[in-house]
Amino acid sequence: MSKPGPENSDPVMQTGEPAGAAPADIELDKQEWREALEDILACYGTQGVQEILASLGNWCAEQQLPVRVGNVNTPYLNSIPVSQQADYPGDLELEQRLENILRWNAMAMVLQGQDAGTGVGGHIATYASAATLMEVGFNHFFRNQSESYGGDLVMLQPHTSPGIYARSWLEGRLSTAQLKNFRRELQPEGGLTSYPHPRSMPDYWQVPNASMGLSTPTAIYQARFAKYLENRGLKPRRGGKVWCFIGDGEADEPEVLGTINIASREKLDNLVLVINCNLQRLDGPVRGNSKIIQELEASFTGAGWDVIKVIWGGGWDRLLAADSQGMLRQRMEECVDGDYQRYSVLPGDLQREHWVDGNPELEQMMNALSDEEVKQIKRGGQDPEKIYAAYSRAAANIEKPTVILIKTVKGDGLVDAAGSNTVHQKKNFDTVQRIAIARNFGIPLSDAEIERAAFYRPDPDSEEIRYLHARREALGGAIPERNSNCISLAPPPLERFASLLRNPSNRPQSTTMALVRILSILMREDGLKQYIVPIVPDEARTFGLEALFKIAGIFSLQGQHYTPVDADTLVAYREAEDGQILQEGICETGALASFLAAGTAYSIHGLPMIPFYFFYSIFGFQRVGDMIWTCGDMLCRGFLIGGTAGRTTLNGEGIQHQDGHSQVIANTYPNLKSYDAAFAYELVVIVREGIRRMYQQQENIFYYLTAYNENYVMPVMPESEAVAEGIIRGGYCYSSSETIESSQIHLLGSGSIMQQVLAARDQLEALDYRVSVWSITSYNELYREAESCERQARLHPTAAAPQAYIKAMFADTSGVYIAASDYMKTLARSIAPWMPASYQVLGTDGYGLSESREELRDYFEISAEHICHTALVQLLRTQTKGKRRIQSQIDALGINPDKPDPALR
Ligand SMILES: Cc1ncc(C[n+]2csc(CCOP(=O)(O)OP(=O)(O)O)c2C)c(N)n1
Ligand SMILES: [Mg+2]
């Protein structure tokens, strides 16, 4: 490439110092450089321009100049020039009429709720800003699944839900009663949930959305998972996009910008993120002092996304074309969002004054427009043609995800309220305002109907309704719509896990290792193996999963362009385009989003994918609890495995690693089944049951299993049927000195702490006590079932009360009852109302600390000695005979009664 550069030489080259240049000189220089680039463009195209700029950048770097060539920001203008704007294929006038009807009905839903005095609330302003963005999508882009197309997943801003419902009502998919009962789900004739919640409306909403920020990682990882399924040959390559709409205020959530890199790294060209930049959040401007669109452009450009800005409506095209001196452009750059928000509420004459800002040339340009025309000039998000052009480009994009930054007006069309700082919370309008708004939208209702915010639906034969149906038919049907048709899978027969049930080698192992072995067996099982999705956030080695790397491969859309350092070992780090393992790096949010994508594939893709997500148990609920809550809402299935569990079993790691509370939090997730198993065979039973319920029975539940890293010899599974049932229901008798009935002491153990319980049993038996040991696999299951029985009894006081399972378990027993676990006491304490009065609980209240396992168990008072001590103290309290003997046995244990309380440290 040998094109002449600008002829004037650079003063920096001669002096090494930046020479001051007169403004006119530098303007001349700039002009010459631009002309040179124009030549380059004509000769070599965009690539040529890129190469020249890159070489200039390199030159600056060689000279050690603190100058960056190539700005991450483009001017504050639309990215697509008028000359490249795609033609609009729809009937603009008709679409506008339809949109106005939707705007009115969406508002009427909220107003009717307000008039009814139910106080259920609702939002108007978000949809008012987003209506055009959404309508262009609904009329021309969002496509359903068909024989030839994979289908789009459309995720809309939560607060636009009234507009989405209004559309479905016009389409005849929702009843008038439902619309009337917006935010009143319990009404007998049906109601509608506030925001997108599949749990509440499982045939309608696909993806939950209400907790700001989570929809972006959800969308990114859904897009990536679609590619995973294609690459693994499970889903045909028929296209299909994820369209995700978020607010500009929402983009402040760290989950948004924190997860965008993976989308470009993985070249997710099936992803379009649309950011509705109405410049406002709930309280006021998003970036009053600068421009949110420019800030987001820089972030997304830096992250490697294709960025399309839609800032100005078509009304500006003429003015911009006439702006040969760049005055208007300069003013557009100078104004900050705080100014723009103010302009949106000013009348035309004042707006003009501010735009012109004393500049006579600008004034002359603006004189071409009347005050009314100035007021009418729209932002890009109010112009369907500009939006269409952006969506078309995004839809055709290859090898990159696209973000479209669209400038809108919050509360657009809501007289007096649009653009105000209070518009987000605006839920009511008086009669005069209602009439003004309805008339503005051209709604042909009487004043009386408008006053009571009646819904308006044109005749089914009207042009509007026929158009609405025709467009959706052309695009494959209604959206949103959720399916849950999926094939059933049965768990492998129990015998397949023989090595875990009988432990022939007698080698000590941990429950984590047992789970890894269960996973390996499932990954070899015909009919099931292809559906297993192991997920790890850079912790595979911690959990002993690295052996799977070579066998199953780590999924990477790029494959592996290097020879791994351990290529010739059995555990080589093998990345592959069809890898089965999702290795998410240190990003629990991303890993959870992958779990969500895999665990909902039965609904989104009709594929029964079974995710097993292994993570440090402390970095689960308390780190990404909101994402797990989303799993519950989205009816996600799969297994969450909280590894390195237990406040004392994970030793040495200290406060921020040692988890003694995840099982407690797990109980707050209503459809999550949580288990704290002690033995390998228990895990086999639980995992089989999970597969049976989630994938054979198609139940909308998911599982949380804590897994420990303490090695011990796993016992053989007892033959009794009752054991398997007890494991699932939450507990069973593991051993008795003689019989259950004759036992004086009952010890309840779970997880790794079962080993301490068994040691305590031995010590107590050595003192001639008869002891029963109970394995409690899930206090949460026991508690829930007992609560449910309690409720039954409360509501049917005269009927025979159902007996809680926990009561039945201990029905024929007597003596003292001591529970010990590696979790907070409140976990085991939850069953206390159904336990005999002598029930005592030991647990790990307090922050963890760096110590050995043995010391930690003594410190938290869950060691075998403390369990013995508690049992003896309870005997001392409850027995009338042999007190002196018991006291001497207590003394012999040597427990320091004045040791500090770990819960208070
Ligand atoms: C995690 C979370 N925090 C706070 C809220 C409350 N909230 C709901 S909407 C909203 C403002 C949204 O602003 P923006 O994203 O700009 O959307 P807009 O309505 O302006 O389109 C807030 C703070 C929420 N829903 N979720
Ligand atoms: Mg906003």
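Which of the 18 residues around ligand 1 come nearest? I looked this up and found T126, Q157, D248, G249 and K410, where a residue is near if one of its heavy atoms lies within 4 Å.

A note on the ground rules: this is a predicted model, so I kept local features to pLDDT of at least 70 and side-chain atom pairs to pLDDT 80 or more, while totals for chains, interfaces and linings use all residues. Residues are numbered from 1 along each chain as written, chains are lettered from A and ligands numbered from 1 in written order, and side-chain values use heavy atoms, without hydrogens and water.

A nitrogen atom of ligand 1 is 3.0 Å from a backbone N or O atom of M212. I found one ligand oxygen atom 2.8 Å from a polar backbone atom of E250, and an oxygen atom 3.0 Å from a side-chain N or O atom of N278. The protein covers 75% of the 590 Å² of accessible area that ligand 1 has on its own (Shrake-Rupley method, 1.4 Å probe).

Then I turned to the magnesium ion, ligand 2. I see D248 (OD), N278 (OD1) and Q280 (O) coordinating it at 2.0 to 2.1 Å; donors are N, O and S atoms within 2.8 Å of the metal (3.2 Å for Na, K and Ca), and sites may look incomplete because water is not among the atoms. D248 and N278 lie 30 residues apart and link distant parts of the chain. Both are buried, meaning under 20% relative accessible area (1.4 Å probe, protein chains only).

Notes
Polar contact = N/O pair within 3.5 Å; in protein donor to acceptor, adjacent residues only side chain to side chain. Helix = DSSP H or I, 4+ residues; strand = E, 2+ residues; numbered from the N terminus. Buried < 20%, exposed > 50% of the residue type's maximum accessible area, 1.4 Å probe, protein only.
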